[in-house]
Amino acid sequence: MLRLCEAAGLTGADSAAYARTVLAALGPVAQRSLDLPPPDDSFLSDDHTPVEFSLALVPDADPTLRVLLEPGCGAGSLEENGRTGLRVVREMAQRWGFSTQRLDELEDLFFPPNPEGPLALWCALELVPGGVPRVKVYLNPAASGQERSAATVREALRRLGHHQALSALPEGDRHLFFALDLGDWEEPRVKVYLAHHDLSATEAAGLSRVGDGSGGPAQAEIKRFFHAAAGHDTDVADIEAGDGQEQRLGRRPVQSCHAFTETATGRPSGFTLYIPVRDYAPHDGEVLDRAVAVLGRYGVDPAPLVRSLAAATSRRPEDGVGLIAYLGLAHQQGRPPRVTAYISSEAYEVKPPAAVPSQRRAPVRVSGAS
Ligand code: TRP
């Protein structure tokens with residue numbers, strides 16, 4: 001955590017404050033020996049570490065380091081997990097003086113008796129300079145059952161004033177998360193995450209519902225990102241698309257996120273696509289190459305990402321897969337696109353390089369080449 005903060009350009013004082021914050025949010029689990037097995041089968045990361053880091057990268061600025069954590073990990077039951085999560089978020093609200101009202105209004109929806117999984121509450125902190133993080137809370141639309149998740153999301157959106165938002169969403173296979181920005185955000189978002197099994201690049205490019213269609217990301221840009229992250233050769237992919245033979249991502253599903261910041265238009269103002277790169281690459285060396293190529297496209301310096309991987313682990317990227325769990329491309333109206341990279345803790349386990357063949361059929365282009 002301290003090394004990652006340093007790699008992201010935070011001061012020693014901010015880093016120390018954030019390390020304390022994360023330890024406090026995790027509670028007893030943070031004191032638990034890593035020689036013991038994981039406290040439970042947390043869905044937060046593949047090896048069940050209840051902590052995942054990520055970088056949001058933009059041109060010409062320090063990256064923002066974020067940390068996703070599960071405060072209720074190891075609580076014994078999912079119900080208790082959720083209660084612990086709520087308590088920890090409310091403690092943060094007290095400490096930093098923000099309101100949890102929007103979360104409180106949804107409590108009965110996402111924290112029923114006998115909740116179902118795969119999570120109860122996760123919390124993400126954006127570790128901005130100054131020692132006071134921006135806080136995000138992730139809730140489980142399937143808490144009252146997978147079959148009720150659409151209704152749960154609809155009701156949650158309605159209570160927050162987003163009456164038409166559900167019908168603005170594209171089709172997906174499952175509602176995965178319902179997320180709220182809490183605290184000091186310029187434009188706090190309400191976000192809905194969808195899973196898409198067997199998705200093609202063309203389908204991915206059609207998922208954004210931002211604005212009237214003109215303000216959102218261009219479809220060609222989404223396709224390019226999809227192929228680059230999945231390791232598809234773009235020329236081959238174009239020919240295949242013409243033949244109707246497009247490659248689909250058939251292992252772990254791609255995710256999309258739709259962010260709402262106002263209630264007037266009924267439309268989202270943000271769209272993010274997440275590619276679970278770890279299921280589509282033999283090792284992290286290749287994932288890093290892909291990430292560097294994507295960052296090059298957007299004029300972003302890859303050095304902080306390279307430094308962050310070295311801060312997170314002493315292993316070489318080629319020696320495992322899953323250190324980078326997802327690559328994301330985020331578009332928020334009125335802001336430059338952001339590339340996000342999710343960095344696993346690997347506190348319990350490193351997944352060995354996979355036998356999955358590289359999806360790449362020809363050498364990848366170097367960033368900058370056209
Ligand atoms: N581990 C879960 C997954 O792979 C949840 C998750 C953690 C996630 N970090 C994420 C999902 C980043 C999307 C993006 O789905």
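**The ligand site and its aromatic surroundings**

Modeller: Happy to! Tyrosine 193 counts as buried, because its relative accessibility is 4%, under the 20% cut-off. Please keep in mind that this is a predicted model. Tyrosine 138 is buried as well, with a relative accessible area of 9%.

A search of the whole structure turns up 11 aromatic pairs. In the pair formed by tyrosine 138 and tyrosine 193, the ring centres are 6.0 Å apart and the planes meet at 55 degrees, so the pair is tilted. It links distant parts of the chain: tyrosine 138 belongs to strand β4 (residues 134-139) and tyrosine 193 to strand β6 (residues 190-196), with the two tyrosines 55 residues apart. Both belong to a cluster linked by ring pairs, which also includes Phe43, Trp122, Phe177, Tyr274, Tyr326 and Tyr342.

Now to the ligand itself. The residues around the ligand are Phe43, Leu44, Glu52, Leu68, Trp122, Phe177, Gln255, Tyr274, Arg278, Tyr326 and Tyr342. By class, this shell divides into eight nonpolar residues, one polar and two charged.

Taken alone, the ligand exposes 350 Å², and the protein buries 94% of that.

Some of the shell residues also bring us to the strands. Leucine 68 is in the shell, and its bridge partner in strand β3 is alanine 124. Strand β2 (residues 64-69) and β3 (residues 121-126) pair in the antiparallel sense over four bridges. On the other pairing, β2 is joined to strand β1 (residues 51-57) by six bridges, again antiparallel, and serine 54 has arginine 66 in β2 as its bridge partner. β1 and β2 form a hairpin with six residues between them, and aspartate 60 in that turn has a positive phi of about 60 degrees. Strand β2 is mostly covered, with five of its six residues buried.

Key
Residues are numbered from 1 along each chain as its sequence is written. This is a predicted model: local features need pLDDT of at least 70, side-chain atom pairs count only at pLDDT 80 or more; totals for chains, interfaces and linings use all residues. Side-chain values use heavy atoms; hydrogens and water are left out. A residue is near a molecule or strand if one of its heavy atoms lies within 4 Å of it. Accessible areas come from the Shrake-Rupley method with a 1.4 Å probe; for residues, only the protein chains shown count as cover. Ala, Val, Leu, Ile, Met, Phe, Trp, Tyr, Cys and Pro count as nonpolar, Asp, Glu, Lys and Arg as charged, and the others, Gly among them, as polar. Buried means under 20% relative accessible area, exposed over 50%, partly exposed in between (1.4 Å probe, protein chains only). Two strands pair if DSSP finds at least two bridges between them. Rings of Phe, Tyr and Trp (its six-membered ring) pair if their centres lie within 6.5 Å; planes under 30 degrees apart count as stacked, over 60 as edge-to-face and the rest as tilted.
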